[in-house]
Structure formats: structure tokens, C-alpha cells
Amino acid sequence: MSDEPLLEEKLIKRSQQKRMMSPLNYKERLFVLTENRLNYYDGRAQEKFRRGSIELSRIRCVEVVKDDGWLNPCKNKYPFQVVHSTNTLYVFAPNRESRNVWVQRLKDEIRHNRELLTKFHPQFWQDGEWSCCRQAEKQAPGCEEYNLSGDAYRKPLPPIPAEESSYGRHLQPPPLEARDGDPAEETVVALYDFSSNEPHDLTLVKGNEYVIVERCDVNWYKARNQNGEEGYIPSNYVTEKISGNLAQFAWYSKHINRNKAEELLRKEDKEGTFIVRDSSTRGTYIVSLYTKSVSKNGGRVVKHYRIKETEGPPEQFYLAEKHVFRSIPELIAYHQHNAAGLVARLRYPVGKQDRSAPSTAGFSYEKWEINPSNLTFMKELGSGQAGVVRLGVWRAQHKVAIKAIKQGAMLEEDFIEEAKLMMKLSHPKLVQLYGVCSQQRPIYIVTEFMEHGCLLDFLQSRRGTWNAASLLSICMDVCEGMRHLESNGFIHRDLGARNCLVNDALEVKVSDFGMARYVLDDQYTSSLDCKFPVKWSPPEVFNHCRFSSKSDVWSYGVLMWEAFTEGRMPFKQSDSREVVSLVTKGHRLSKPKLATAAIYDIMQLCWHEKPEERPSFAQLCLMISDVLEGDVAVAN
Ligand code: ADP
């Protein structure tokens, strides 16, 4: 009989993440394999509990997912994938044995299917990209040969691709119609005003709705306003207008850590000021709330509450167990009127819209050459190896930093080519490259202006005022910027506090990424000469010039050490040759006084002799965020 179960087991299913925005969730389901179908149920194997069903004849690939489960919050750590039609279902088995049984049995059942894949993706589709090959199109062809008769015990993880050349392709988003299940036209809401800089741009008014006509690249979309006018807009100035997208709400800020939330709320200094932000666990949120009325000595307090979810379906949300809601916006709306277990009601949202608009990837779509006559030069900000940096204003509107490159200091032609791609690296924790003036000598490099200048000077100038939380918050900013470079296969090669900058909101951003390749200075480029950053380099770099995202991780550990020593020089007493010898023998920088044991542990992980044993920036972000979050309050 066709519906006789061949296999039956409780496994965990990952949500399909049909939209890039939607958080992932993991639900336990009873999986039942029959001769014709793979069904899954919520609880019992009865029709009314059925949550999904896949016809075996439509399955194109079943395979183990090469992932150690480290980054997945799912309690089962043995994922496998079922590719059917154009979708991929990810299922997590409780142990290796169970996974092998399912994969092998399913492979046997689909053996004669007509549309089997020849190539597949051995790792997850996650947050808009394939983790294995970094392609950003869901329907992109697989990157590994699919072997239907191969056994389920697979090879170890492949190395993460790290060639700089791969990131350009990654930055192309999928065309609208390729995003499964999405309509071809999509409505967005403007989060900030944007005034068009070129005739082909479209002006945005905060709060107004626009229709996306084309996703030109990750940073620029073509949009239409309510009058039917079309033009380019920066993608980070709008958010999708769909239910469940918290970015539409004034109270939600994605990139705010605990320390930043506390700073923002204290600055407002109003009873009931609050912010909703992401927690370190993917897809869960924290409400940070400011009150003056709790502490006995009249001090101000910020409480952090985790938004909890009930067992679904449907999942519901709550802060206090007695008050449960179908959605987070409903929960917030309720607590705006009722404290109901919180120290105060949620009175005043502090949202991203209250702060200044973020940088755009260039001043307009595909515009990287800047006309020097649009620049006004102001005071000198500093000078480095490549030349003098001045404050400037572009078209009397935007403050910028302008670096005039000394002749002979740089491989200019190569850099100008690369600059087109670097401009597309746009992230709140990376100093934005706006463009270049390449038609003249000296050439100018125009970047985002950072009011407080270099991080190293900033740390030193405030010695004695730092605490562990604020230093860790600096490290978190840098880690997020580096995670973005890592996920685009881009290597910094010269990370250190000297190459990070601080803006007026006291955010720290990574600067000068990849620039070391264009420096024309023998003392800088050869590893034992005095300007080469040996003290920030791992053995594989000072011995063999082998750069990778994992060599950036080593440098990042040294940057953490610089932060927690308030800007001291690492290995102060030693010259380059001595440092090479010390590090080769296993000697490492010692624990700074301001660092806790947990923080020093993280630094030491970055200094593992073997690059593959060091954590990735994605893992470091989670570790740092865990230390930063500490305890959360409970509503009662
Ligand atoms: P280096 O070549 O030594 O890395 P840079 O040439 O990048 O240094 O910068 C020299 C100095 O100019 C920095 O230390 C900083 O004080 C200032 N500066 C550089 N870029 C910016 C910027 N975008 N905003 C503000 N100040 C900057």
C-alpha cells in the first residue's frame, strides 16, 4: 500500500526563509516517509495535523548538509537537505545514525527520478546566500558534483572561499522574479529622506511608499513613487512593507548592542524610553527599557527583557507570561499602554529614524568617478603613508574625507579598478568609499567622514575613562564590519586600531580594507621591514605571506588587546625579529587588566597557531554578543 510508512521519526525542520528578511525558525515535526511522499506532521500522523508533504517524484537531490551545526540554534545537529522542484527543505536529525538512515533511504526511493541534479550546494542557503560558494541567487547552479549513489558519510567541510575575486559576483542580488514565492513588484517604505543627486535618482520622503521595479545590485534599487516617477534609490534607506518586518517600526533597531542601547536610553533620560533590538540568538529580540524609579538610591536603570515565544503553532509572543500576543507589534502596542510586569510602560521609542541617515554606496547608482569641482576642501585631518587627508564637502551637502595620494605611493591603476568593487562593500560598520577622482594627479579617494578620527588615538586620549562594556562594544562594531568583509570573501590584510575610525555617534568602523595591496613601499610590504605590521600578523603571514580571513582574525585578536589596554603598543619591548621568534615559540600577548577572563579567552582563540582552528568573524560576533548581553530581566 502506498501510504504505509517506510520510515517515521521526530526530526526538526527549518523554516523555508522565502523572504530574505524573515527570521529562521526550527520546529519539531513527525516525518513520515511513504512510497510516494515525504509528509510531516505537527504531533500525530493524521491528516488534520499535516503541515507539509513532498511528492517523491519531485525530489531532485537528498544529501547531508556539510555543516557542523555550530552556528545553528537548532538542538539537533545533523542536518540534511531535500531539494524538490525549486525549493530546499532542511531537516535536522538528532544523531548521525538517524541522518544516514533517512538520507540513504530517500536516495534509494528517488533513484529513478527524471530531474535529478548533477550539481548541488553542500551547505545552507542562509540570509540570502549559499554558505558554500557565496552565490547570492537561490537558483544558482550547485557548486559540487551530486553523487546519488555516494554514501551518506561525507567528506569534511571544504575551506571557505577567500579569493577577493569572488565578492563582486556575490554582490549581485537575485532578480525579483527569481525569489521564490515573491510577487515581481514589491512595496517598500522609506526610513529616511534621500535627495536625488543625479537626474536618474529618485527622491525619497521618510514614511512614503514606493514600488521596487528592479534590484540593480545590493545597494541600489530602481523604484517608482506614487506619481509614477522612476529612479534609483539606496536600498538601505527603505524596508519591505510586509507584516512581520519589524524594520517598519520606529522602535526597532537591528544593529544596536546592549551597551549602545544603554547609552542611547540614558542620553534621552526619560522615564519609559525604550528600544527593541536583535538578540545574539538569531530571530529573537530584546526590549531595553529605561526607568528612574527602580533603584533605591534614585539611580537610573536600564532593564533588558527577552521577547519569548510560545510553542507553536501558531507561535505567540510575550514578555510577561500572562499577556500573550500573535505578533511582536501587538505585544509592543499593549505594553505601550500597560506596564504589566515591566518596570515601566513603554512610553517613548528611540528608533533609528531619530539618528542621522546611513551612508550610501557611492553618491548614486554606478557612479564612482567624482568630479573634483564638486569638492570643497577644508581642514587637514591627518596624514598617512599614502598622503594627506582633509575634511571636504561634496556639492555643498555631504561632509567627506578626501585623501590626496602622493605620487609614487600607490599602484594607482590597479587601485582605481578595484575601487569600483570596493564601493559596493557597504555596511554600517565599514567606512564607506564614495568614489575617486582618477582623471587628475594626485588622485583623490573620497570616503565617509568620521568625526573622531582614528580609533587608536581615541582609545589613548580617553585613557582611564574606559570600562569593559564600552571597550567590548567597540570590539563588537569592528567584528560586525569584519564579518561583512568575511562573508564577501574580502581580506583586510592590515587590521589594527590604527585602521579603524570613530564617528560622532561613537560608532567604530573598519577602514582601509584591502589597501595594503596597493602600497608601493618596500619597508611596508616586506615582512621583516619596519613598517610591516608584524605584531598584528600570524605565523602563516610573516613566514609565507599567506593572507586569509583567518589571518584577519589573528589581527582582530590583537585589536581587541589594543582596545583593552586603552591603546598600548603590543610587544612594546620587542622589535619585529624578536616578535617573530616569540610568537613562533608559542608566546602570546598577556591579559590586559580591563579584560575579564571570558574576553581574554576570545582573544586567545584568535591567536591559535593553526588558521583553521581560529573562529570565524561570524562566530566571534556571537561570542562577543553573548558576553555583552549578560543577564536579561524577567517580567513578573
Ligand atoms: P594611514 O595611511 O596611516 O592608515 P590614513 O592616511 O588613512 O592613515 O589617515 C591618516 C589620518 O587621517 C588618520 O589617522 C585619521 O586621523 C585621519 N583620517 C583618515 N581618514 C579619515 C576619515 N574618513 N575621517 C576622519 N579622519 C580621517
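Modeller: First, a term: a polar contact is a pair of N or O atoms within 3.5 Å. Also, keep in mind that this is a predicted model.

Biologist: OK. How far is a nitrogen atom of the ligand from a polar backbone atom of Met450?
Modeller: The distance is 3.0 Å. That falls within the 3.5 Å cut-off.

Biologist: What about Glu448? How far is a backbone N or O atom there from a nitrogen atom of the ligand?
Modeller: That backbone atom of Glu448 lies 2.8 Å from a ligand nitrogen.

Biologist: And which side chain has an N or O atom 3.2 Å from an oxygen atom of the ligand?
Modeller: The side chain of Asn499.

Biologist: How much of the ligand does the protein cover?
Modeller: On its own, the ligand has 550 Å² of accessible area. The protein covers 81% of that.

Biologist: Which residues around the ligand come nearest?
Modeller: There are 16 residues around the ligand. Lys403, Glu448, Met450, Asn499 and Asp512 come nearest.

Biologist: How do the residues of that shell divide by type?
Modeller: Seven are nonpolar, six are polar and three are charged.

Biologist: Which domains give residues to the shell?
Modeller: Domain 4 (372-448) and domain 5 (453-629) both do, so the ligand lies between them.

Biologist: Let's change topic. Is α7 largely enclosed or open?
Modeller: Of its 20 residues, 17 are buried, so α7 is largely enclosed by the rest of the structure. Buried here means under 20% relative accessible area.

Biologist: How far apart are the end C-alpha atoms of α7?
Modeller: They are 28 Å apart. Helix α7 takes in residues 468-487, and at 1.5 Å a residue it should span 28 Å, so the two agree.

Biologist: What happens at the start of α7?
Modeller: Asn467 has a side-chain oxygen there that reaches to within 3.2 Å of the backbone nitrogen of Ala469.

Biologist: And what follows α7?
Modeller: Gly489 follows α7, and its phi is positive, near 65°.

Biologist: Which residues other than glycine have a positive phi?
Modeller: Asp269 is one of them, with phi near 55°. Glu366 has a positive phi too, near 60°. Most residues other than glycine have a negative phi.

Biologist: Where are those two?
Modeller: Asp269 is in the loop between α3 (258-268) and β18 (273-278). Glu366 is in the loop between β24 (348-349) and β25.

Biologist: Are they buried or exposed?
Modeller: Asp269 counts as partly exposed, because its relative accessibility is 29%. Glu366, at 53%, counts as exposed.

Biologist: Where is there a cis peptide bond?
Modeller: One joins Arg441 and Pro442, with omega about -5°. Pro442 sits in the loop between β28 (433-437) and β29. Most peptide bonds are trans.

Biologist: Last one: Trp102. Buried or exposed?
Modeller: Trp102 counts as buried, because its relative accessibility is 2%. This residue is in helix α1 (residues 96-110).

Biologist: How far is Trp102 from Phe80?
Modeller: They are 22 residues apart in sequence. In space, Trp102 and Phe80 are 8.7 Å apart, C-alpha to C-alpha.

Notes. Residues are numbered from 1 along each chain as its sequence is written. This is a predicted model: local features need pLDDT of at least 70, side-chain atom pairs count only at pLDDT 80 or more; totals for chains, interfaces and linings use all residues. Side-chain values use heavy atoms; hydrogens and water are left out. Helices (H or I, at least four residues) and strands (E, at least two) are DSSP runs, numbered from the N terminus. The expected span of a helix is 1.5 Å times one less than its number of residues. Buried means under 20% relative accessible area, exposed over 50%, partly exposed in between (1.4 Å probe, protein chains only). A polar contact is a pair of N or O atoms within 3.5 Å; within protein, one must be able to donate a hydrogen and the other to accept it, and residues adjacent in sequence count only if both atoms are side-chain atoms. A residue is near a molecule or strand if one of its heavy atoms lies within 4 Å of it. Accessible areas come from the Shrake-Rupley method with a 1.4 Å probe; for residues, only the protein chains shown count as cover. Ala, Val, Leu, Ile, Met, Phe, Trp, Tyr, Cys and Pro count as nonpolar, Asp, Glu, Lys and Arg as charged, and the others, Gly among them, as polar. Domain bounds come from an automatic or database domain assignment.
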